[in-house]
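Subject: Structure for your review

Dear colleague,

Please find below the structure that I am handing over to you. My findings follow directly after it.

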Amino acid sequence: MNVRLLATPFVATALLMSAFGCSKKEEASPAPNTGSFQLDGTTISCQAKATRSAGSIGGTFYDFLDLTPTPAAGGVGRLRLSLYKVPGSPTSTYLLHNLLVYTGGNGSPYNFAGTSFTLTPTGEGSFSGRFAGKVSASSSSIPGPYTTITNGVFTTVQF
């Protein structure tokens, strides 16, 4: 009987430890105003900043989301997502017009046509989203070395 009493705390401790080891761990949320994307398979981490346009381009008002690599990566100075919506409509109705990759010199950008774009509200006036694109050589002033943007994401950006 004494052997059973001594073994009980050991068994209880082992069960507790195994329960903690199998418990689901909470994933940390990405930091606000951050983003990342893959440019031809190379992952680039960025700071994200949204800006409102002061005027229209061809009668359409655009807002911009700039993803600036931290630090500059692979010659990419920034990725700009051109977003548009009908004036007065909610932020959740933004659509992706195009993506522009600027090299470190910020000269003429490489133009990409969006292949996917989602926008999700994440709080009071802030949004997260996902995007992808393919080079649009016909509209690009420089049909550069890049071909695809995949796995693009930005988190908790204020528009």
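I begin with T156, which counts as partly exposed because its relative accessibility is 28%, a value between the limits of 20% and 50%. Please note that the model is a predicted one. T156 belongs to strand 8. Its backbone deserves a remark: the phi of T156 is near 45 degrees, which is positive although the residue is not glycine.

Is N151 buried or exposed? N151 counts as exposed because its relative accessibility is 52%, and the exposed class begins over 50%.

I turn now to the strand pairing. Strand 4, residues 76-84, is paired with strand 5, residues 95-103; the two are antiparallel and share 8 bridges. Within this pairing, L83 has L96 of strand 5 as its bridge partner.

Strand 5 also connects to strand 6, which spans residues 110-123. Here the direction is again antiparallel, and the number of bridges is 3. Which residue of strand 6 does V101 stand opposite? The residue facing V101 is Y110.

Yours sincerely

Note on methods: Residues are numbered from 1 along each chain as its sequence is written. This is a predicted model: local features need pLDDT of at least 70, side-chain atom pairs count only at pLDDT 80 or more; totals for chains, interfaces and linings use all residues. Side-chain values use heavy atoms; hydrogens and water are left out. Two strands pair if DSSP finds at least two bridges between them. Helices (H or I, at least four residues) and strands (E, at least two) are DSSP runs, numbered from the N terminus. Buried means under 20% relative accessible area, exposed over 50%, partly exposed in between (1.4 Å probe, protein chains only).
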